[in-house]
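Hello,

Here is the structure you asked about. My notes on it follow below.

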Amino acid sequence: MKKDNKMLIEPGKLLQNINKPADLRNVDSTELYKVCEELRQYIIDNVSVFGGHFGASLGVVELTVALHHVFNTPYDQLVWDVGHQAYGHKILTGRRERFHTNRRYEGLSGFPRRAESEYDTFGVGHSSTSISAALGMAIASKLKGEHERQHIAVIGDGAMTAGLAFEGMNHAGVSDTNLLIVLNDNCMSIDPNVGALKDYLTDITTSQIYNKFKDDVWKLFGKIEKLAPGAREAVQKIDHLIKSTILNHSNLFEALNLRYFGPVDGHDINHLVSVMEDLKNIPGPKLLHCITTKGKGYLPAEKNQTKWHAPGKFDKITGEIKKKVYDTPQPPKYQQVFGNTIVELAKMNEKIVGITPAMPSGSSMNIMMKALPERAFDVGIAEQHAVTLSAGLATQGMIPFCNIYSSFMQRAYDQVIHDVCVQNLHVIFCLDRAGFAGADGATHHGAYDLAFMRCVPNMVVSAPMNEAELRNLMYTAQLPREGAFTIRYPRGQGVMPEWQTPLEEVKVGTGRKLKDGKDIALLTIGHVGNYAREVAKKLEIKGIDAAHYDMRFVKPLDEDLLHEVFNKFDKVITIEDGCVQGGFGSAILEFMADYQYKNTVVRRLGIPDEVIEQGEQIELQHYAGFSPEGIEKAVMEMVNIPEFVTHKVSQ
Ligand SMILES: Cc1ncc(C[n+]2csc(CCOP(=O)(O)OP(=O)(O)O)c2C)c(N)n1
């Protein structure tokens, strides 16, 4: 971090004196709007220089200030859903001075993280956990006799589409706890929000008769607050009844036994404060529906909310997003290869359909959604549904390409086993962001997929080393066959500027010998094969002759190729951008044990058995020991220090 960069970002006059929420509570309520202005500006100043999530935090500035002003955090417990919108929260809770390290190696996490602050009550990154987590806290408080303690879950309308959120509400409604769910409704997920819930929320928001009535009830409710509980309950009943009658449907949240309040303007700080003060005194589970604008206060972000979800660095004056400029053509991102290739395949094979759970832009499924809208589906933040929907489609002979980020697939594991593999259905899983995800950190690394997919029957597990391989694997996966087919690839660019290669079938379970050698064999899976290729070339100059095999499939393994390797080499290194435990290297060790190869020493490089936080992908790979330097070092150790080799069999 250059010091001068940090110095550029000066907090406003009020903000510089707010080092914890208690300071905010001392700010006169007439000045809260100024705090909001300064906080918003501070987020803009920081993200424009250092990058990160953007629109979501701008949209909840007033909510953040109101929540910390009204509630007694950290005693009262505030849980942010996903957590990409919690920059204001971080800045107000003692982390302003370190905020320039946000999402960087050894810096602040881009998401709330328990180890980072007592104000981060729950670690997040994956969506829709907030209601269950806050309810757990609320039940614990009740059991401990802490009856005044408040618990607040802030959840977006996108995150609200997930089954987990409904599971939480279903329980909350009968829990008799001090739980407040703040629904931050901006009509957006990363891309525009989808599904019937979105229409329902719009219906409540735009119903004029309902809103007029609601305002009147609210005023009345305020007046009778000090009266006997019986009077209050009577008003509540009438309120409920009329709300249900006025809306086309009965109120969804009230039907789940949650008192519904709103919709309110989520940018009116004074109104928010007064509403929250009221809600604090209303016991039991309740929901406050706030209407906000994603990107509020920064026009380009308000206008193009998807682009400004996480824009990278930008010029805050002109709104120009900074992009690196290259003299030569660059390789595409793997996701772009996926997005274009699925359209190409779908035009050839009418059974192909595309499914994404809320990541059309991130996965590039939006290319198919545009080209063949009736055959590509964004199903909302609903990974479990995405997988079972794919299974259902497959029973009818359709060929679903279900594209899910590797780490989000963790949520749909039962569906992969129970709904797809046990029934031997032909579903193709494209796992994007496999391996280290980079700045999103621990919650987003796609570390475990090779391990958790390869142990399931009726499943092929593969990883392309480059763009052409991705295309060929996608082509192969949609050919007539039974069972599931996983193709995992990393975040970021491949290696082939000329990536539009002809589509060719790959024989399932075959790898490629890319270089012969005699001193040591490097076995790789996926994109890291490019590192091994680079290292093998470099080592030649040092007089070390390393062979390189791109295994391409973790399941089934290319046993012929492996027999060749283990009959020829007494030193082998396996390399994967995935967990060493149970992953590709483990599969190789199992092969070795099964065929009783005793004379080869194997070292496994990959993601170690620990939680690794954020950083550039290459920084993290370096830390884990499988960057090009790490691979070279491992080879040198094995080749030059025989004593080391005999004692250290694996990592
Ligand atoms: C389980 C899971 N799936 C997908 C994502 C990727 N993701 C991050 S934020 C986001 C949109 C969330 O929308 P919403 O809750 O409405 O918040 P907003 O960004 O609109 O404030 C998505 C899909 C995720 N974090 N977790």
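Ile573 has Arg603 in strand E17 as its bridge partner. This is a predicted model, and everything below should be read with that in mind. Strands E16 and E17 run parallel and are joined by six bridges. On E16's pairing with E13, the sense is again parallel, with four bridges, and Ala521 stands opposite Val572 of E16. Nine of the nine residues of E16 are buried, so the strand is largely enclosed by the rest of the structure.

These strands belong to an open sheet of five, ordered E12-E14-E13-E16-E17, with mixed pairing. Its edges are strand E12 (512-515) and strand E17 (601-607); each has a single partner strand, so one side of each is left without a neighbour in the sheet. On average, neighbouring strands here are turned by 25° against each other, direction ignored. E12 and strand E14 (residues 546-550) run antiparallel and are joined by three bridges. Within E14, Tyr549 is the residue opposite Lys513.

Which residues of helix H25 (residues 584-594) are buried? They are Phe584, Gly585, Ser586, Ala587, Ile588, Phe591 and Met592. After H25 comes Gln596, which has a positive phi near 55°.

The other sheet

A second open sheet, also of five strands, has the order E1-E2-E3-E5-E4 and parallel pairing. Strand E1 (77-80) and strand E4 (259-265) are at its edges, and each has a single partner strand, so one side of each is left without a neighbour in the sheet. Strand E3 (residues 179-185) and strand E5 (residues 286-291) run parallel, with six bridges joining them. Asn184 stands opposite Cys290 in E5. Helix H5 (residues 61-70) lies across E1, strand E2 (151-156), E3 and E5, and runs at about 160° to E1.

Met188 sits in the loop between E3 and helix H9 (196-206). Is Met188 buried or exposed? Its relative accessibility is 10%, so Met188 counts as buried, the cut-off for that being under 20%. Leaving aside neighbours within four places in sequence, Met188 is in contact with Asp157, Gly158, Asn193, Lys294, Gln305 and Thr306. Val427 is 239 residues from Met188 along the chain, and their C-alpha atoms are separated by 29 Å.

Nonpolar cores

The largest nonpolar core has 53 residues, of which Phe54, Val65, Leu67, Met276 and Leu288 touch the most other members. Helix H3 (residues 32-50) gives the most to this core, with nine residues. Apart from this core lies another, of 51 residues, including Ala394, Met453, Leu561 and Phe569.

What does Phe54 touch, not counting residues up to four places away in sequence? The list is Ile43, Ile44, Val47, Tyr298, Ala301, Trp308, His309, Pro311 and Phe314.

Tyr33 also lies in helix H3. With a relative accessible area of 42%, Tyr33 is partly exposed, since that class runs between 20% and 50%. Tyr33 and Ile269 are 236 residues apart in sequence, but 6.4 Å apart in space, C-alpha to C-alpha.

A helix pair

Helix H18 (residues 383-395) and helix H20 (residues 413-421) have axes that come within 9 Å and cross at roughly 10°. That makes H18 roughly parallel to H20, because angles under 35 degrees count as such. On the H18 side, the residues in the contact are Gln384, Val387, Thr388 and Ala391, and they meet Gln415, Val416, Asp419 and Val420 in H20. By class, this contact has four nonpolar, three polar and one charged residues.

Regards

Methods:
Residues numbered from 1 in each chain as written. Predicted model: local features only at pLDDT ≥ 70, side-chain atom pairs only at ≥ 80, totals over all residues. Heavy atoms only, no water. Core = buried A, V, L, I, M, F, W, Y, C linked by side-chain atoms within 4.5 Å. Buried < 20%, exposed > 50% of the residue type's maximum accessible area, 1.4 Å probe, protein only. Helix = DSSP H or I, 4+ residues; strand = E, 2+ residues; numbered from the N terminus. Contact = heavy atoms within 4.5 Å. Axes fitted to C-alpha atoms, helices over the stretch in contact; angles between N-to-C directions. Parallel < 35°, antiparallel > 145°, perpendicular 65-115°, else oblique. Nonpolar A, V, L, I, M, F, W, Y, C, P; charged D, E, K, R; others polar. Pairing = 2+ DSSP bridges.
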